[in-house]
Amino acid sequence: MTTMRTVRWENGVVVTIDQTMLPHKEEWIKLRSCNEVATAIKEMRVRGAPLIGVMAAYGLALTAYHSKARSVEELLREIELSANMLKETRPTAVNLFWAIDRILNKVKSSTGGVEELRHIVIEEAQRIADEDVEVNKRIGEYGSELLEDGDTVLTHCNAGRLATVDYGTALSIIRVAWEKGKRIKVIATETRPKLQGARLTAYELMRDGIPVTLITDNMAGYVMYKGLVNKVIVGADRIVCDAVINKIGTYTIAVLAHEHSIPFYVAAPLSTFDLKSTSRDVIIEERPPEEVTNVGSERIAPLGIPALNPAFDITPIKYVSAIICEKGIITREKFGALAGGDT
Ligand code: MRU
């Protein structure tokens, strides 16, 4: 499979792509502190649930690497402050909290000195990043079995390599199927208001030579009605007992897919599962209204109009045909047993 690692650790510097510049410019930025990482996550220079988790882990690694702490207690305090700052960046994708807590647990069980603690944090961050690549490959392998030669797959937002360290989740499935010789076509929804579909999914797939056609979000019903789509695959920011939380617009697509008897698949690593929670427990990120009243930097709505801007929506499990994770394909029925509820 073609590869392109979206984030690297280079001796105390985190190097990644500024996704706000895509598709016009592939600009690699250098982040040197946890503060810079937190800002990059908030400003969506890096985004996508798995990548946000990896970046948060690297944010803690930057704190540990550059710390001047002389005692373990001092370093632990700095790591905890950084963890709290990172947890405030975006509330919905559970991978962020998963990665931070994984490092905090590791650190708390350490009995060594300052240097060992520093080493543990950096090593665990690297491990989280490397595991993401392996997990996504496996998601691609399992999920590719669901795709057939000639399929046209609709995807929403960007669940590609730009949302992960490499390969992606939903797009990993498409990539693997394509490389197995299945002639797949993709329809990408533009994904208002931040246009991750038009900017990022289109960019990624065109770069790999996979046929992709762009539609506006409100064309999803039309393409299904016309029989131009026969499968949907999306990513997820959090999978709870009763629902999949993903980019705003996912729910609409799921209901439409159900109406047209089109399988609706969700691709996500286990680090996106939060089966202790239900959809009522999840904080849906509210973003600035200007993202809705403007297209890019251009204002299109009258001054003074209020606008809603929830970044994610909630798709009840009853609309999900199956979830593909690194352990295999979880059908809706199996998921029900796993989550301990009815589906
Ligand atoms: O607001 P974003 O761009 O971070 O939202 C991204 C999504 O909703 C993706 O579908 C999700 O994170 C899965 S990415 C593998």
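Guide: Domain bounds here come from an automatic or database domain assignment, and the model itself is a predicted one. On that basis the chain is divided into domain 1, residues 7-137, and domain 2, residues 146-339.

Visitor: How far apart are the centres of domain 1 and domain 2, and how many residues does the contact take from each?
Guide: The centres, taken over C-alpha atoms, are separated by 25 Å. The contact takes 29 residues from domain 1 and 34 residues from domain 2.

Visitor: What area do domain 1 and domain 2 bury between them, and which residues in domain 1 lose the most?
Guide: About 2700 Å² is buried between domain 1 and domain 2, with 57% of it on carbon and sulfur atoms. On the side of domain 1 the most area is lost by R47, T92 and N136, which together account for 22% of what that side buries.

Visitor: Why is the pair R90 and E285 called a salt bridge?
Guide: The rule asks for a side-chain nitrogen of Lys or Arg within 4 Å of a carboxyl oxygen of Asp or Glu. In R90 and E285 the closest N and O atoms are 2.9 Å apart, so the pair meets the cut-off of 4 Å. Across the interface of domain 1 and domain 2, the rule finds 2 salt bridges.

Visitor: What makes the contact of α4 with α5 one of nonpolar and charged residues?
Guide: From α4, residues 94-108, the contact draws W98, A99, R102, I103, K106 and V107, which meet L117, I120, V121, E124, A125, R127, I128 and E131 in α5. Since Trp, Ala, Ile, Val and Leu count as nonpolar and Arg, Lys and Glu as charged, the residues divide into 9 nonpolar, no polar and 5 charged. The axes of α4 and α5 come within 10 Å and cross at roughly 145°, in a right-handed crossing.

Visitor: How does α5 meet α6, and which classes of residue take part?
Guide: The axes of α5 and α6, the latter spanning residues 170-179, come within 7 Å and cross at roughly 60°, and this crossing is right-handed. The contact is made by N136, K137, I139, G140, E141, G143 and S144 of α5 with S172, I173, V176 and A177 of α6. By class it has 4 nonpolar, 5 polar and 2 charged residues, with Gly counting among the polar ones.

Note on methods
Residues are numbered from 1 along each chain as its sequence is written. This is a predicted model: local features need pLDDT of at least 70, side-chain atom pairs count only at pLDDT 80 or more; totals for chains, interfaces and linings use all residues. Side-chain values use heavy atoms; hydrogens and water are left out. Axes are lines fitted to C-alpha atoms, for helices over the stretch in contact, and angles run from 0 to 180 degrees between N-to-C directions. Helices (H or I, at least four residues) and strands (E, at least two) are DSSP runs, numbered from the N terminus. A crossing is left-handed if the near helix is turned anticlockwise from the far one by less than a right angle, and right-handed if clockwise. Contact means heavy atoms within 4.5 Å. Buried area is the accessible area (1.4 Å probe) that two parts lose on being put together, summed over both.
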